[in-house]
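This report goes through a selection of helices, a sheet and some aromatic contacts. Please keep the sequence and the 3D view at hand while reading.

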Amino acid sequence: MTEKIKSFFQKKKADVKFMNAGKGYKLTESTNIGTSTPIVAPRKRVEPTSEAKTAGQAALARLQGKETNTAKFNTSYAAIKAQVKRELEKEKEAQQKTQKSKAQPKEETEDTVKDSSQLAVSNVYFQCPYLSNEVLPQEDWKKKIREFLYEQLQEEEAGLTACLIIQNCNTGREKIENCVETLGKYLDNIIKNPEEEKYRKIRIHNRIFQDKVLPIEGAVEFLNAVGFWPKKLLHNDVEEDFLVWNPENCNLENVEKLADALKTAEIIPLELDRNLQVLLPTQASKRTELPSNFYSLTSEEIKREQQLRTEAVEKNQMLRTKAMRERDEKQRLRKYKYSLIRIKFPDDLILQGTFLVHEKFQNVVNFVSENLIKAERPFCLKKLAGPTFNQDSFDKTLLELELFPAALLVFFWQRTADTESAGYLKEELLALIQSV
């Protein structure tokens, strides 16, 4: 189904390009090149949300960082090294002042309201190659995908579109699977018994239809595309609403194709954007808080956190089996979805990227390698206090290596060089550094 979805979106992209190409001409028609042509009024677009605007600005800054930041920050490596040195000295002084202030009693309580400037990342961003090259938060992509799919319902591939709506515009996998199973039975009955009258109609007020099909977005639209159209029929001497299949609306061959599409349709994939950043030491020390969407806790689960902590205290006071401890550990790990990985270089610059906790450590290695001046040169990564990650670690997930929800790794070359005056990261990445 992945190839079907790809071809579906490729066709839609081609249609958009064709429609925006302007007025066409016959080969026999004379045209004056250079004369003014009628201007086609652009279609109205939905105003993006404030989050989408913020994400778009961040993405633009990353792509055009060199041009936009040149005036604000000197990106020469010598200037950056001097800036890092000054920051480290200031940080050392600040730590000394903090230690002195701890010895003195506080007169007022500190404000606990979190400032957005303290966030290590403002959000988690994704790309959807099937639709566009935009970088947006997941919720914005859900809205964009929903709008796109509903726009396509009036097109010739309404059946496939409805399958995608079922998979992408509903919540609760069990409910979606129950709906797909029920719709599949309706179609299988038609395919196996096309002449049976009882299989050609679905009573709207049937309990199974009401519970498993009607609440799911796209389900009724799918049945319409398959050839089930609304009609009133007598049922127990009472006129009721039915959906009735007619082969003139959709022949048996197309019913079989749509039955296959229903079973194989998938969620439109989103690709996690690394949200690459290069930080100065002071920036890294200030931006330590993670946004709430780094965790997979629902609002109900958050309410239960206090209760779970109380239960954990009680459990620790009693004897527990190994199986009980492993089960509790799995429940604890389910809370984490993403991991913020920071790589500290010998020049104290920090490379930052966002990863899924189930990604392999090899992806982190690749991320670092892609951004080095000398990508071919072998290097190592290690925790601040811990052993160096070896080849055996590369195939393990960040969850298995306990690199979540955030981790700081130290970079060093396998073989030291005489001088590192050129630095470590590519020159264009230095333009991403923002002055403090």
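Helix α7, residues 173–192, has 20 residues and reaches 28 Å from its first C-alpha to its last, close to the 28 Å expected at 1.5 Å a residue; the expected span is 1.5 Å times one less than the number of residues. Helices (H or I, at least four residues) and strands (E, at least two) are DSSP runs, numbered from the N terminus. The model is a predicted one, in which local features need pLDDT of at least 70 and side-chain atom pairs count only at pLDDT 80 or more, whereas totals for chains, interfaces and linings use all residues. Residues are numbered from 1 along each chain as its sequence is written, and side-chain values use heavy atoms, with hydrogens and water left out.

A residue is called buried under 20% relative accessible area, exposed over 50% and partly exposed in between, with a 1.4 Å probe and protein chains only. In α7 the buried residues are I176, C179, V180, T182, L183, G184, Y186, L187 and I190. In helix α9, residues 219–226, the buried residues are A219, F222, L223 and V226. These lie on the same side of α9, because they cover an arc of only 100° around the axis, the arc being that of the directions from the helix axis to the C-beta atoms. After α9 comes G227, which has a positive phi near 115°.

**The sheet around β9**

Strands of a sheet pair through backbone hydrogen bonds, either parallel or antiparallel. Two strands are taken as paired if DSSP finds at least two bridges between them. Here five strands form an open sheet of mixed pairing, in the order β7-β9-β8-β11-β10, and its edge strands are β7 and β10 (379–383), each of which pairs on one side only. Neighbouring strands of this sheet are turned by 30° against each other on average, direction ignored; the axes are lines fitted to C-alpha atoms (for helices over the stretch in contact), with angles from 0 to 180 degrees between N-to-C directions.

Strand β9, residues 350–356, is mostly covered, with six of its seven residues buried. β9 pairs in the antiparallel sense with β7 (residues 277–279) over three bridges, where V278 stands opposite L351 and Q277 has Q352 as its bridge partner. With β8 (residues 338–344), β9 pairs in the antiparallel sense over seven bridges, and Y338 stands opposite L356. β8 and β9 form a hairpin with five residues between them, and D348 in the turn has a positive phi of about 75°.

**Aromatic pairs**

Rings of Phe, Tyr and Trp (its six-membered ring) pair if their centres lie within 6.5 Å, and planes under 30 degrees apart count as stacked, over 60 as edge-to-face and the rest as tilted. By this rule there are 12 aromatic pairs, including the two tabulated here.

| Pair | Centre to centre | Angle between planes | Class |
|---|---|---|---|
| F361 and F389 | 4.5 Å | 40° | tilted |
| F411 and Y424 | 5.9 Å | 75° | edge-to-face |

F361 lies in helix α14 (residues 361–370) and F389 in the loop between β10 and α15 (391–394), so this pair ties together parts that are 28 residues apart in sequence. F361 is buried at a relative accessible area of 1%, and F389 is buried at 12%.

F411 lies in strand β11 (residues 406–413) and Y424 in the loop between β11 and α16 (427–430), so that pair ties together parts 13 residues apart in sequence. F411 counts as buried at 1% relative accessibility, and Y424 is buried with a relative accessible area of 7%. F345, F379, F411, W413 and Y424 form one aromatic cluster.
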